[in-house]
Amino acid sequence: MKVTTAALPLLPLIQRLLPGLPSVSGLPGIPGLPGLTGLPGRLTGLSLTLLKASALEAAILAGHLLLYPSGIAQERRPTPTLPSSPGSDSGSGSEDPHPSPPTPPRLPARPSPPVVLLHGFIDNRSVFLLLRRSLAQHGRQQIESLNYSPLTCDIRTAAELLGRHLEEICERTGSERVDIVGHSLGGLIARYYVQRLGGDLRVRTLVTLGTPHAGTRVVPLANAHPIVRQMRPGSAVIEELSRPCPGCRTRFVSFWSDLDRVMDPLETACLDHPDLTVQNVRVSGIGHLALPVHPAVATGIRQALDAVEAEADEADARTGARTDARTGTETGGRGGLTVA
């Protein structure tokens, strides 16, 4: 591809459509404009990345439309069962002629809190099918997906409902706290519960995936829906979330993608608050719909949850008691995920 001065009028449009493209100050061979020697290669590489990400988004959307009906109903809550005592009678009075092999002893380990999955706008729990399977395969035994109504018109009301659900989950499981993974609007609802409704007592870790923490300007025509207006920059809800919340006990991990077309600007999915313990993780190479689906992101989520447990174990070893999470914003952390 040959770049000439005829491309100059199109460069602002290219930079708008491809925000990852570095700013351009000139073209080779033009006095005072020496900066475009590597532009053809960068454009080609970025275009291929965008093409692959767009194809993946389309495939995920098609698959999710097929799975959507299966997630409309609320998840069935498991019925707790009491373990039978070693000497209990089976009812037949005779011994089992084919006894099962003895269960190998397990080392004592800290029980993991339940993981609660919260979907995004006009969606349901079916979006977490692959993430749930990944968490279960790596030792998370209590995973629950919550649906909120697509007719929900207020983030505050949804956050109050989330709080009631979490109280029920903690009472049923015997756990004092939970971990939450929220996609898009789901992360904003959970964050409101943590910061404004005292939910930091119940939520140990909040992982957000493509959540508009500072508000998004995408699709202005969607302003007809009240909850979309609440996700706009400068809305009353966004302003509430920017207020001080000293001593917040919840740890936040925010995954954001540099190809997320639902976030405008892209950095709105980064969480920046002086009173919160935050780790922002940049994901490169995938879009908004792929965040709760891609295996690389699932690995990052598991690592984030495991890191919190490791920190708690170290704190117990030092003090002999579980300590509260410290406050203060962290940036960078693990750096990011690159999905080729």
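In the predicted model, about 70 Å³ of space lies in the largest cavity. The structure holds one cavity of 30 Å³ or more. The residues that line the largest cavity are L118, L146, N147, Y148, A158, L161, L162, H165 and I189. Helix α4, which spans residues 155–173, gives the most to this lining, with four residues. Sorted by class, the lining of the largest cavity comprises seven nonpolar and two polar residues, and no charged residue is present in it.

Charged side chains were examined next. Side chains of opposite charge can pair when their charged atoms come close. A search of the whole structure finds twelve salt bridges. One of them joins R140 and D179, with the closest N and O atoms 4.0 Å apart. This pair links distant parts of the chain, for R140 is in the loop between α3 (129–137) and β2 (143–146), while D179 is in strand β3 (residues 178–183), and 39 residues separate the two. Both R140 and D179 are buried.

The residue D179 also meets the side chain of R204 in a salt bridge, at 2.6 Å from N to O. Because R204 lies in strand β4 (residues 203–209) and D179 in strand β3, this pair ties together parts that are 25 residues apart in sequence. R204 and D179 are both buried. A network of salt bridges links R140, D179 and R204 with D306.

A further salt bridge is formed by D200 and R249, whose closest N and O atoms are 3.2 Å apart. D200 lies in the loop between α5 (185–196) and β4, and R249 in the loop between α7 (236–241) and β5 (251–257), so the pair ties together parts that are 49 residues apart in sequence. The two partners can also be described by their accessibility. D200 counts as buried because its relative accessibility is 9%, whereas R249 has a relative accessibility of 29% and therefore counts as partly exposed.

Strand β4, the strand of R204, is also the place of L206. With a relative accessible area of 1%, L206 is buried, since buried means under 20% relative accessible area. L206 and V278 are 72 residues apart along the chain, and their C-alpha atoms are separated by 9.6 Å.

On the surface, L67, L129 and L130 form a nonpolar patch, with about 240 Å² of accessible area together. L67 is situated in helix α2, which covers residues 39–67. Its relative accessibility is 36%, and L67 therefore counts as partly exposed.

The backbone was then considered. Most residues other than glycine have a negative phi, and most peptide bonds are trans. I122 has a positive phi of about 50° although it is not a glycine. The place of I122 is in the loop between β1 (115–118) and α3, and because its relative accessibility is 54%, I122 counts as exposed. S184, likewise a residue other than glycine, has a positive phi, near 55°. S184 belongs to the loop between β3 and α5. Its relative accessibility is 9%, so S184 counts as buried. A cis peptide bond joins D264 and P265, with omega at about 5°. P265 is placed in the loop between β5 and β6 (277–284).

G234 is found in the loop between α6 (226–230) and α7. At 52% relative accessibility, G234 counts as exposed, because exposed means over 50%. G234 and T216 are 18 residues apart in sequence, and 9.8 Å separates their C-alpha atoms in space.

Methods: Residues numbered from 1 in each chain as written. Predicted model: local features only at pLDDT ≥ 70, side-chain atom pairs only at ≥ 80, totals over all residues. Heavy atoms only, no water. Patch = residues over 30% accessible without salt bridge, like charges linked within 9 Å, V, L, I, M, F, W, Y side chains within 5 Å. Areas by Shrake-Rupley, 256 points an atom, 1.4 Å probe, with all protein chains shown as cover. Buried < 20%, exposed > 50% of the residue type's maximum accessible area, 1.4 Å probe, protein only. 1 Å grid on protein atoms, 1.4 Å probe; cavity = no way out; pocket = protein on both sides within 12 Å on 5 of 7 lines; lining within 4 Å. Points joined across faces, edges and corners; volume = space filled by probe spheres on them. Nonpolar A, V, L, I, M, F, W, Y, C, P; charged D, E, K, R; others polar.
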